[in-house]
Amino acid sequence: MAILVIAEHDNATLKLDTAKVVACAQAIGADVDLLVAGEDCSAVVDAAKQLTGVRKVLVADNAVYGNGIAENLGDLLVSIAADYQHMLATASSLGKDVMPRVAALLDVAQISEVVEVVSEDTFVRPIYAGSALATVQSLDAVKVMTVRSSAFDAVANDGNAEVVSLDGVFNSAVEFVSQTLTKSERPDLGAASVVVSGGRAMGSADNFAILEQLADKLGGALGASRAAVDAGYVPNDLQVGQTGKIVAPDLYIAVGISGAIQHLAGMKDSKVIVAINKDPEAPIFQVADYGLEADLFDAVPKLLELI
Amino acid sequence: MKVLVPVKRVVDANVKVRVNADNTNVDTANLKMAINPFCEIAVEEAVRLKEAGVVSEIVVVTIGPKAAQEQLRTAMALGADRGIHVETDDEFASLSIAKMLNAIQNQEQAQLILLGKQSIDGDNNQTGQMLAALGNMPQATFASEVTVEGDSVIVTREIDGGLQTLKMPMPAVITTDLRLNEPRYAKLPNIMKAKRKPLDTVTVESLGVTLKQHQNIVKVAPPAQRQAGVMVASVEELVEKLKNEAKVI
C-alpha cells in the first residue's frame with residue numbers, strides 16, 4: 001500500500017513544507033505519491049516531481065481547486081483514498097481545514113500535528129500547547145494525518161517522478177468571494193532560518209519597522225505574539241504560537257515578548273532562542289539561550305548596528 | 001433561526017499542566033477548569049447574532065462529565081437560551097464527538113453550528129470539520145468575521161498568508177478563530193438567571209450513534225526540557241556570543 005502526500009502550494013510555487021511532509025512519509029515507509037490540486041499549477045508539478053523519493057505526482061488542475069476549498073478538495077481526496085493506507089498533509093490552514101473532513105467521510109479518526117513517526121501506525125503529537133507529547137496508535141484502516149513540518153527535514157530535489165492526471169472534478173455549493181494575502185519579500189515564516197518576533201512592548205505598528213530591518217539584515221522572517229496581532233501592529237498570519245504558526249528556526253529572537261505558554265508552544269523547538277526584555281522575571285528568559293535585560297528601543301538599534 | 005454551539009470544559013488556559021507519574025495522561029485533578037477559549041468566542045458570536053435580530057434561539061451542548069454543566073451554565077449566563085448535556089466520563093476521539101453532535105443537530109435542525117477552531121487541551125482542530133462532513137454541510141473554519149445574508153452565510157477566514165472570504169448556503173458549520181470577537185463577561189444577574197434556564201441531560205446511548213475505538217494512547221510524556229541559558233550584560237556581548245559561540249549569525 002502507498003502513502004499520499006497533499007502538496008502545499010499557491011498555484012505558482014511549491015512550498016518547502018511539502019518536502020518536509022514527504023520526509024515524514026518516507027519515515028513511515030512504502031511508496032510515496034504526491035497530489036497537486038490547484039489551478040494553472042504546472043510550475044508546482046514541475047517542482048513536485050523532482051522531490052526525492054516521490055513515485056508519482058497526481059495532478060488535479062482545475063478552477064474548482066484553485067482556492068483550496070475544503071469541500072472540493074475533500075471529495076477529490078475521498079475519490080482516490082482506496083489506493084492509500086496513509087494520507088498526509090501539512091498542518092497548515094489548508095491541511096487543518098481539509099483533512100478532518102476527509103477523515104470523517106472515510107469514517108476514520110485523524111491524527112493532528114504529527115512530530116515523530118514511531119511505526120507505520122504509531123505517531124507522536126503534542127497536546128496541551130506542547131506541555132506533553134502523546135504517543136498515539138491508530139486502529140483505523142486509513143491513517144489520515146497532518147504533519148508539523150518544522151519537526152522534519154526536507155527531502156532533496158533529485159527525483160523524477162511520473163506525472164499522472166486526475167480527471168475527477170468536484171464542485172460544491174461553497175462560493176469563493178475574495179482573498180487578501182499579505183505581500184512580503186521576506187522568507188516564509190515557517191521556512192525561515194531566522195525569525196525576529198515582536199510583542200506588545202513594541203508599542204505601535206510603526207515601531208515594528210526596527211524589527212523588519214533586523215529581520216532583513218539577518219535574512220529572516222518577521223513574527224509576532226498574539227498581543228501584537230490583537231493590537232493591530234502586524235497582520236494575524238504573523239502570529240507565532242499554539243494557534244498561530246509553529247516555527248523551529250536556527251535563531252529565534254523574541255523582542256518584548258513575555259513568553260506565555262501559548263507563545264512558547266509555537267517556538268520552543270528553535271535551535272537558539274534570544275530574548276530581549278526589560279522585565280527580568282519574564283518567562284521567556286526560562287527558555288532563552290541568551291537573555292538580555294534591556295529596553296528594546298535601545299537594544300535593537302544597537303543590535304542592528306553591530307551585525 | 002436557531003444556532004447550535006458545542007462547548008468544551010478544559011483546563012484553564014493559564015494553568016501549566018504536568019504529565020502524571022505513570023505517563024498515561026496529563027494530571028488534571030484539582031486544576032482550575034474553564035470553558036475552552038475558542039468555544040467562548042463561538043458563544044459570544046451566537047449572542048451577537050441574536051442581538052442583531054438574526055438568531056432567535058441559541059442552544060449550547062457539551063459532552064463530558066457532570067461537572068461540565070458548569071460550562072453550560074457559563075454559556076447560558078453569556079446569553080445562550082438552553083443547554084444539552086451529554087453526560088459521560090469517557091473520553092472520545094474527535095470523530096466520535098462529531099458523530100454525537102451530528103445526532104443532536106439532526107434533532108435540533110439548527111441553521112448554523114458555531115464551534116471553536118480547537119480545544120486547548122487536545123489541540124486537534126478537527127471536530128467542526130468532521131461534523132460538517134457527517135452532516136453533509138459546508139464548512140468555514142478559522143472564522144474572523146461572520147455575516148448572515150438571507151439563506152447564506154459569508155465568512156472571512158484566517159488562512160496562512162492572509163484572509164479569505166467564502167459564501168455558503170445554510171445549514172453550515174463555522175469554527176471560530178481568536179480574532180472573531182472579544183467575549184463579554186457574565187454579569188451577576190445573568191449568572192443567577194442562567195440557573196433557571198432549561199438544561200437537558202441525555203446519555204450517549206440515547207443518541208443512537210455507533211461509536212468505535214479509533215486510537216490507543218500508548219503513552220504521554222513530558223517534552224524535552226530546554227537547558228537554562230545565560231543572561232548577557234550588553235548588546236555587544238550578545239552579538240559576540242551569537243557569532244562565535246552559537247554561530248547563528
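How many residue pairs are in polar contact across the interface of chain A and chain B? Here is a short tour that answers this and more.

1. **Before you start.** This is a predicted model, in which local features need pLDDT of at least 70 and side-chain atom pairs count only at pLDDT 80 or more, while totals for chains, interfaces and linings use all residues. Residues are numbered from 1 along each chain as its sequence is written, chains are lettered from A and ligands numbered from 1 in the order in which they are written, and side-chain values use heavy atoms, with hydrogens and water left out.

2. **The interface.** In chain A, 82 residues are in contact with 76 residues of chain B (contact means heavy atoms within 4.5 Å). The two chains bury about 6,600 Å² between them, and carbon and sulfur atoms give 55% of this (buried area is the accessible area, with a 1.4 Å probe, that two parts lose on being put together, summed over both). Of the area that chain A buries against chain B, 11% comes from A:Arg101, A:Tyr128 and A:Tyr290, more than any other three residues supply.

3. **Polar links.** To the opening question: the rule finds 51 residue pairs in polar contact across the interface, both residues at pLDDT 80 or more. A polar contact is a pair of N or O atoms within 3.5 Å; within protein, one must be able to donate a hydrogen and the other to accept it, and residues adjacent in sequence count only if both atoms are side-chain atoms. Helix H4 (residues 93-105) of chain A gives the most to the side of chain A that touches chain B, with eight residues (helices, H or I, of at least four residues and strands, E, of at least two are DSSP runs, numbered from the N terminus).

4. Strand E11 (residues 175-181) of chain A runs antiparallel to strand E11 (residues 162-169) of chain B, and six bridges join them (two strands pair if DSSP finds at least two bridges between them). Within this pairing, A:Ser178 stands opposite B:Thr165.

5. Six strands form an open sheet with parallel pairing, in the order E13(A)-E12(A)-E14(A)-E15(A)-E16(A)-E15(B). Strand E13 (221-224) of chain A and strand E15 (230-232) of chain B stand at the edges, each with a single partner strand, so one side of each is left without a neighbour in the sheet. Strand E16 (residues 290-293) of chain A pairs with E15(B) over three bridges, and here A:Tyr290 stands opposite B:Val230.
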